[in-house]
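Colleague: Could you take me on a close look at the place where the two chains meet? I am new to this, so please go step by step.

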Protein chains: 2
Amino acid sequence: MTASDATWIAADWGTTNLRVWAMSASGTVLAAATSDDGMGRLARDAYPAALDRLTADWPRVPVIACGMVGSRQGWAEAAYTAVPCPPLSDNLTPAGDRTHIIPGLKQASPADVMRGEETQIAGFLALNPGWDGVICLPGTHTKWVHISAGEVVSFQTVMTGDLFAAITGHTVLRHSTAAGWDDAGFAQGVEDVISRPEKLAARLFALRAEGLLDGLPDATARSRLSGLLIGAELAATKPYWLGQQIAVIGAGTLAGLYVAALAAQSAPATQVNADRATLAGLTAAYRRWKDQT
Amino acid sequence: MTASDATWIAADWGTTNLRVWAMSASGTVLAAATSDDGMGRLARDAYPAALDRLTADWPRVPVIACGMVGSRQGWAEAAYTAVPCPPLSDNLTPAGDRTHIIPGLKQASPADVMRGEETQIAGFLALNPGWDGVICLPGTHTKWVHISAGEVVSFQTVMTGDLFAAITGHTVLRHSTAAGWDDAGFAQGVEDVISRPEKLAARLFALRAEGLLDGLPDATARSRLSGLLIGAELAATKPYWLGQQIAVIGAGTLAGLYVAALAAQSAPATQVNADRATLAGLTAAYRRWKDQT
């Protein structure tokens with residue numbers, strides 16, 4: 001089979017990228033394409049053309065989409081589903097003449113939202129039926145998700161990646177954390193903040209001062225900063241992961257850091273391929289949509 | 001007396017501004033001027049002209065300067081003095097033909113540095129002889145300084161202002177914290193993080209989510225963020241301020257927030273005018289320099 005045999009298109013449409021896959025009815029990937037036509041650079045009326053441009057060589061078949069395309073600033077707002085609930089809603093939001101958007105999830109208290117991760121969660125659960133535990137989805141805004149009996153019971157967002165970028169790009173630490181990596185520095189950062197979380201605010205400027213006074217290498221400062229922020233995240237989310245079965249869904253390096261930090265807390269976690277989870281989730285959504293129509 | 005009677009010039013030369021005062025021998029301000037010729041925009045050979053430009057109408061008298069002008073990227077590096085020590089060193093670093101730079105302070109462990117604040121501390125102690133306790137100097141990089149018997153015993157920098165600017169300017173919270181103020185939001189932020197410092201990382205994204213789901217006003221989100229960060233600073237510096245006499249040296253609004261946050265922890269603090277402390281410190285340094293020459 002080739003892309004011309006596609007019966008539907010899977011789309012992961014986030015803030016910075018649009019990724020599409022030409023899919024067979026059984027969920028086989030026939031072709032894939034990516035563009036930088038993310039939500040961040042598209043006006044509302046530009047979405048149909050962005051999609052058609054990227055899929056021009058494929059059949060004009062239904063599209064199942066997840067991600068920020070369904071946000072208030074996206075193509076069409078797909079209203080959040082409230083937890084506790086299964087990760088996938090039966091109510092997809094139509095956009096244009098052939099696209100159906102998976103809604104995100106919301107939590108009333110503490111207030112929280114997700115868009116896109118619900119599809120990865122659904123995909124992981126489709127690949128691991130009956131799985132209970134906690135899923136961590138690292139990213140700009142990392143999600144911690146409590147799963148029980150196939151439902152999202154509760155979740156917690158921690159903006160660690162966003163903070164790391166802002167601190168290394170826009171504070172005095174930009175002079176001390178330019179590049180490089182040092183596993184021991186990362187481990188020390190995690191340990192420092194897990195053992196004394198109330199000291200976090202005092203440990204950041206020390207990265208700069210140790211650079212000035214002791215010649216602390218940038219790679220160590222950068223890694224320790226990452227450890228401090230991920231350690232602070234683990235301290236804040238301890239009620240989620242302590243004593244639970246844990247799956248980390250994410251791309252290689254970042255997900256690996258979470259697995260390492262959790263392992264240092266005697267909390268073993270399984271790392272799961274993010275793209276595989278996304279595609280499995282979009283496929284599950286497509287099948288349910290197909291069954292309804 | 002007028003500026004033409006000046007016998008020396010006081011200079012507070014920081015990263016963004018150069019501020020100068022024409023001074024009488026007895027420490028009276030005869031005239032003042034400010035420019036944006038801070039360290040951040042001056043190449044090393046541009047310092048003399050920047051100084052001469054701003055003081056062109058005054059007598060060409062000795063200049064006593066404090067601040068980033070003495071950093072490695074400044075006019076001439078004034079090597080740090082190691083604590084414990086009095087805030088003012090007798091060894092000023094010469095720059096050009098008439099300028100003398102007050103060195104900053106350094107601490108070996110935990111590694112820390114200050115430049116400029118040592119002069120405000122000296123000024124405060126000159127105005128309050130025999131004072132013992134803890135001085136807080138709020139700013140981009142807030143300093144907490146333990147004073148005993150006229151010496152700086154130890155100090156701790158917390159980069160709260162730098163973090164606040166990076167978070168409100170360069171993370172997703174920029175959409176939710178644009179402007180405005182709400183005292184109750186600030187107080188809640190301080191209380192939230194002081195009572196559960198390990199939860200800090202989990203409270204930041206909630207400011208965005210409450211905006212999306214509950215219509216949390218930007219002013220409340222911005223104030224609560226400020227409270228969370230200052231609260232995290234107070235949690236980290238508790239060994240400094242708990243049970244101590246506290247002076248907060250700083251400009252109105254920001255210093256007032258620290259005084260309010262400390263008061264909520266039953267730690268009353270006295271607010272001290274920063275410019276008065278700076279000038280008293282530069283005057284003390286001038287007198288000691290004059291006595292040596």
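Predicted model: local features only at pLDDT ≥ 70, side-chain atom pairs only at ≥ 80, totals over all residues.

Modeller: Polar contacts do turn up, with nine residue pairs counted between chain A and chain B, both partners at pLDDT 80 or more. Now look at which pieces of chain A do the touching. Strands S8 (105-107), S9 (112-114) and S12 (151-158) of chain A each give at least two residues to the side that touches chain B, and so do helices H3 (160-170), H5 (200-214) and H6 (218-236) of chain A. Of these, H5(A) supplies the largest share, 11 residues. Sorted by class, the side of chain A that touches chain B holds 24 nonpolar, six polar and 10 charged residues.

Next, the extent of the contact: chain A brings 40 residues and chain B brings 40 residues. About 3,300 Å² is buried between chain A and chain B, and carbon and sulfur atoms give 72% of that area. In chain A, the residues that lose the most area to chain B are Met159(A), Phe205(A) and Leu213(A), together 18% of what that side buries.

Definitions and conventions: Residues numbered from 1 in each chain as written. Chains lettered and ligands numbered in written order. Heavy atoms only, no water. Contact = heavy atoms within 4.5 Å. Buried area = accessible area lost by both parts, 1.4 Å probe. Polar contact = N/O pair within 3.5 Å; in protein donor to acceptor, adjacent residues only side chain to side chain. Helix = DSSP H or I, 4+ residues; strand = E, 2+ residues; numbered from the N terminus. Nonpolar A, V, L, I, M, F, W, Y, C, P; charged D, E, K, R; others polar.
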